[in-house]
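Open the model in your viewer and keep the selection tool at hand. We will go stop by stop.

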Amino acid sequence: MPMLPQRSRLSVLVFLLPPLALYGIAVLLPIFQSLFLSFFDWDGISPMLFVGFENYVRMFTGDTVFWIAFRNTLGYVVICLVLQLGGALIVASLLTLLRRGREVVKTLYILPAVISTVAIAFLFQRIYSLDPEGLINQVLEFIGLGNLQNAWLSDVSTVLAAVSVPEGWRFTGLYMLIIYAALLAVPAELEEAAKLDGASWWQTFWRIRFPYIRPVWITTTIIATTNALRGFDIPYLLTNGGPGQSSELLTTYMYKTAFTSTNYGYASTISVFVVVECLVAVGLIFLLLRRKADA
Amino acid sequence: MTLTATRPIRPSEQESLPRPRRRQLHLQRKLTGVIVALIVIVQVYPLAWLFITSVRTEQDFAGGNPFALPTEITFDNYTRAFATGNLGLNILNSLIVTVGAIVVIVFLGMMGAYALQVLGFRFSRFVRALFLIGIIVPVQVALVPLFVDYAAVNLLDTYQSIIIPLAGFALPTSIYLFSSFYEYIPGEIYEAASLDGAGPYRIFGQITLPLSVNTMVTVAMVNSIFIWNDFIFANTFVLTDDLKTIPLGLQNYIGAMGKVDWTATFAAVCVSITPLLLVFLVLNKAMTYSLASGATKG
């Protein structure tokens, strides 16, 4: 549906080529290069060695770190999603009940999204630390639960949650804003009618409100999932994947393989896997949430 | 969630309710207010703590309880922060990268949307699908290839090396935001301009571009936050201190053997986040709107 009757092929190219060129160089070409490099053994200096599917075979069958990182990534995503989407839905619903102060709450709630990940990493390193006693451990002591004090980032059983929470905290405000805007758009008459029919708040929420915001919910879930799958900065800065591999994500593993072990070929193989994983995740979300909508 | 078992009520409805029920609703609303306040406090407390710590003395910080106000306010930490690092240079670098990338994102986004939405062409659906990939795919996939490419053309350790991927990955959202705005520009305006003999270039310069100012602001604001805070591209492609942006500069505060001057570090963190926080608070309404719409359109 072109809007301009008089347009030349040249004018289309003049407007389209610059953005397409930048996008091609920065995004499309690297994707293909990764795919290409994933079939080679290469340290960036010596000649590239074609190894076929060897990298893939090694990744799926011979590399325990890869599987640990994959499992950790799933855990990281789940914690982020629960905090971000669950938290956002609860706070947004509560906010619709408030009569005053909605704007203030919105502003304060989104503030963490403005802060850089490096600043957040510093902040949480100090919040979690045991020696010197950080915020969480001080609070535990303060409320008489001193025996629960822990070095949250050095304990293998808590570290994954500890590196996921800051990421969840950071963006929950953003998703809250989106969901809140969607909740405001639910027609009051619908809810009123349901209440007249004797529906409880809970029923009204799940039968009327939630189905109404479902399209926004799907979008938000997709954004939150793809963002969590590319999560890197905070785990990398807080623990660099450690202790051991207990907070290693696929992204941090890929980064270290590329820039610490300078194994560009194998790092690209992991990259390709991360891309496929993102595409599969988006596809799955569509399938699952769409089907429920039809049922 | 059970505590939220109440709903917005309209005043007229409230008046018709019997007294005890009204009291109950009143109580429920008070309770909701308290819960929201608590959640907000937990959410914002780490930030407040950051700022409070940055004006504490070291001894006060080492021994203090986290809820106490500082016994005395000191700005020594800020002096030490500026003395230790290179904050001025870092801020300048961040500004150059942010402004550079934003200009690219806004103008190329506008051009792309103009070609796709206003001019239109045969393969526009395919091109749109291509741009969608950039929204889904994680940025890490570009690191190794770009590092190799930059090394080949001598672009490592330049401003461009950070601006190119930042702009490239932000471009799809920018194009979608402009496109969805251009959808609402009525075709008659273009037809009239065409009848007056204006070609696609003049129409872009004299009609589309001036109308796009609001969307330009939206696109600029959404991206400025992410670009100002970018860590991964800068960390990968910047090799020398001269080009370090704020996020990288902050890392310098981890001293030898991981020993950290915490109060000075927190002062540096405060300096690094304050410009953006101020912009955010001043442009609060527009910014919140931009963030929400930028995120959903993407």
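**Chain B**

Select chain B. Its secondary structure comes to 15 helices and zero strands. Helices (H or I, at least four residues) and strands (E, at least two) are DSSP runs, numbered from the N terminus. The model is predicted: local features need pLDDT of at least 70, side-chain atom pairs count only at pLDDT 80 or more, and totals for chains, interfaces and linings use all residues. Residues are numbered from 1 along each chain as its sequence is written, while chains are lettered from A and ligands numbered from 1 in the order in which they are written.

How much of chain B is buried? Of its 298 residues, 41% count as buried. Buried means that 20 or more other C-beta atoms lie within 10 Å of the residue's own; exposed means 12 or fewer, and partly exposed is in between, with C-beta atoms placed from the backbone.

Now think about contacts. Two residues are in contact if their C-beta atoms, placed from the backbone, lie within 7 Å. Among contacts in chain B between residues at least 6 apart in sequence, 76% join residues at least 24 apart.

**Helix α10 of chain B**

Select residues 200-211 of chain B. This is helix α10, with twelve residues. At 1.5 Å a residue it should span 16 Å, and its end C-alpha atoms are 15 Å apart, which agrees. The expected span is 1.5 Å times one less than the number of residues.

Color B:P200, B:I203, B:F204 and B:T208: these are the buried residues of α10(B). They cover an arc of only 100 degrees around the axis, so they sit on the same side of α10(B). The arc is that of the directions from the helix axis to the C-beta atoms. The face turned away from that buried side carries the exposed residues B:G205, B:Q206 and B:P210.

What covers the buried residues of α10(B)? The cover includes α1 (9-37) of chain A, together with α5 (87-119) and α9 (187-195) of chain B.

**A loop in chain B**

Go to B:D157. It lies in the loop between α7 (143-153) and α8 (159-182) of chain B. B:D157 counts as partly exposed because it has 14 C-beta neighbours inside 10 Å.

**Where the chains meet**

Show both chains. Here 86 residues of chain B are in contact with 85 residues of chain A. Helix α2 (residues 19-54) of chain B gives the most to the side of chain B that touches chain A, with 13 residues. The residues of that side divide into 59 nonpolar, 24 polar and three charged. Ala, Val, Leu, Ile, Met, Phe, Trp, Tyr, Cys and Pro count as nonpolar, Asp, Glu, Lys and Arg as charged, and the others, Gly among them, as polar.

**Chain A**

Select chain A. It has twelve helices and two strands. Its C-alpha atoms fill a box of roughly 75 × 75 × 35 Å, taken along the principal axes. Buried residues make up 46% of the 295 residues in chain A.

Last, select A:N240. It is found in the loop between α10 (233-238) and α11 (250-259) of chain A. A:N240 has a positive phi of about 50 degrees although it is not a glycine. With 14 C-beta neighbours inside 10 Å, A:N240 counts as partly exposed.
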